[in-house]
Amino acid sequence: MDNLIEQLKQQIIDELNLEETTPADIDPAAPLFGDKGLGLDSIDALELVMLLEKYYGIKIPEPKQAKEVFTSVNSIAEYIKANKK
Amino acid sequence: MKKVFIARTSCISPQESFRTNGFFSSWKAAQAETDQLHAIEPDYKGIITDAGKRRRMAHLIKMGVSTSLDCLTLPDGNLLIPDAIMSATAMGGLEDTEKFLRCIIDNGEDLLNPSNFIQSTGNTFGGQTGLLLGHHGYNVTYAHGGYSMESALTDAMLQLTSGDIKDALVTGADEITATEYEVMRKMGFWRGGRQMGEGSSSFLLTTEKEGSVCELAAVSLLHETTPKQIANSIEELANSNQLKATDIDLVLTGCDCDKAAEKEISDRFPVTDYKQWCGQYGTKSGFGLWIGTQLLSRGIAPKGNQWEQKQLKNIAIYSEYRQNDYTLMLLKMAQIN
């Protein structure tokens, strides 16, 4: 699980072009969206959907579910673990 | 009719031109063995301070937004909000366009990156500038090939002279990408000996003479012309602005590979080639215009391959693009109008 979290952090940095962020800066339990944590926005949410499909072959069928999945790096890792084929 | 003046300028180019003084001494003309002249870029963190917006901006957007913001930054650090924003780009956001097209191919038209798509459009740096300024007024981008810069300037001049607006920001920018260079090389575009260039030039145009750098007296587009007609057109441009041909102190030439045009102009006017410093790109005439403003405002004139302290009064800027789009601009020293 720890490896997956570290891998996810780097993929998020690369895909969202978070220029001044290192994996160590990302608290896996911190919120990804909003003022706290990484402060991502709605375009980033689309990028995260693509990231899951591109690297893990996982689709999020329900938009409502995405809000829950993308709460934090930890929640994404848990979703990947539960759904990766 | 109201006159149009250039109040402020900013430029990112392959030479030291951004927020620098005494830059001419460090300038280097393009060498024959060079095929691309890349812009000398500033540290964008200090200019586009919002990291969230900056991270999505490609090379072109950063250049265009940076010269725009720099041009509007007042001595007290506050930003001037212009009545209108006109932008010019021949090719738009090529880096993002190429990434998006590559994504379409690699991912089988699936999983397409929204950021690259959003940022790829030609009007992105004008739009981003408007967003960063909180500007809700006129904001238009011209993507008219080699006429893009002149089209944006013409729009601004028409609105200024008619009294619709008091000031306008005009920015022209284009970028080099490896794919564009290669595609254009295969088309034979670089055979004339010109290097591919890139950069961004911004101008704050106003009807206020006080505090201005110089007067932008005329912008003219020529099409399907001949070398002799080009030289005649420079004279006609002078005459229509109450000047004689001999009043033109300098023609900054941006010839492509039309040696006949170059000769016709240099036989009749003092000339300096400006593309040797910036290379060839769609909005290169913005760089030519920027040099003209610097020469007039700093009292500098070219002397062979060097520079001398000499106050020029009237400068024409001639530009060519792909031996098809020809343009002329006329600058006058503001104090003598």
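Which residue of chain B forms a salt bridge with A:Asp44? The partner is B:Arg55, with the closest N and O atoms 2.7 Å apart. This is a predicted model.

**Interface between chain A and chain B**
- The size of an interface is often given as the accessible area lost when the parts come together.
- Here the buried area is about 1200 Å².
- Carbon and sulfur atoms give 47% of that area.

**Charged and polar pairs**
- Side chains of opposite charge can pair when their charged atoms come close.
- Over all chains, the count comes to 18 salt bridges.
- Between chain A and chain B, the count is six salt bridges.
- B:Lys62 lies in helix 2 (residues 59-72) of chain B, and A:Glu19 lies in the loop between helix 1 (2-15) and helix 2 (42-56) of chain A, so the pair joins two chains.
- Nine residue pairs are in polar contact between chain A and chain B, both residues being at pLDDT 80 or more.

**Helix packing in chain B**
- Helix 8 (residues 227-239) and helix 9 (residues 259-268) of chain B have axes that come within 8 Å.
- These axes cross at roughly 35°.
- The crossing of helix 8 of chain B with helix 9 of chain B is right-handed.
- Helix 8 of chain B contributes residues including B:Ile230, B:Ala231 and B:Ile234.
- They meet a set in helix 9 of chain B that includes B:Ala261, B:Glu264 and B:Ile265.
- By class, this helix contact has seven nonpolar, four charged and one polar residue.

How values were computed. Residues numbered from 1 in each chain as written. Chains lettered and ligands numbered in written order. Predicted model: local features only at pLDDT ≥ 70, side-chain atom pairs only at ≥ 80, totals over all residues. Heavy atoms only, no water. Buried area = accessible area lost by both parts, 1.4 Å probe. Salt bridge = Lys/Arg side-chain N within 4 Å of Asp/Glu carboxyl O. Polar contact = N/O pair within 3.5 Å; in protein donor to acceptor, adjacent residues only side chain to side chain. Axes fitted to C-alpha atoms, helices over the stretch in contact; angles between N-to-C directions. Helix = DSSP H or I, 4+ residues; strand = E, 2+ residues; numbered from the N terminus. Left-handed = near helix turned anticlockwise from the far one by under 90°. Contact = heavy atoms within 4.5 Å. Nonpolar A, V, L, I, M, F, W, Y, C, P; charged D, E, K, R; others polar.
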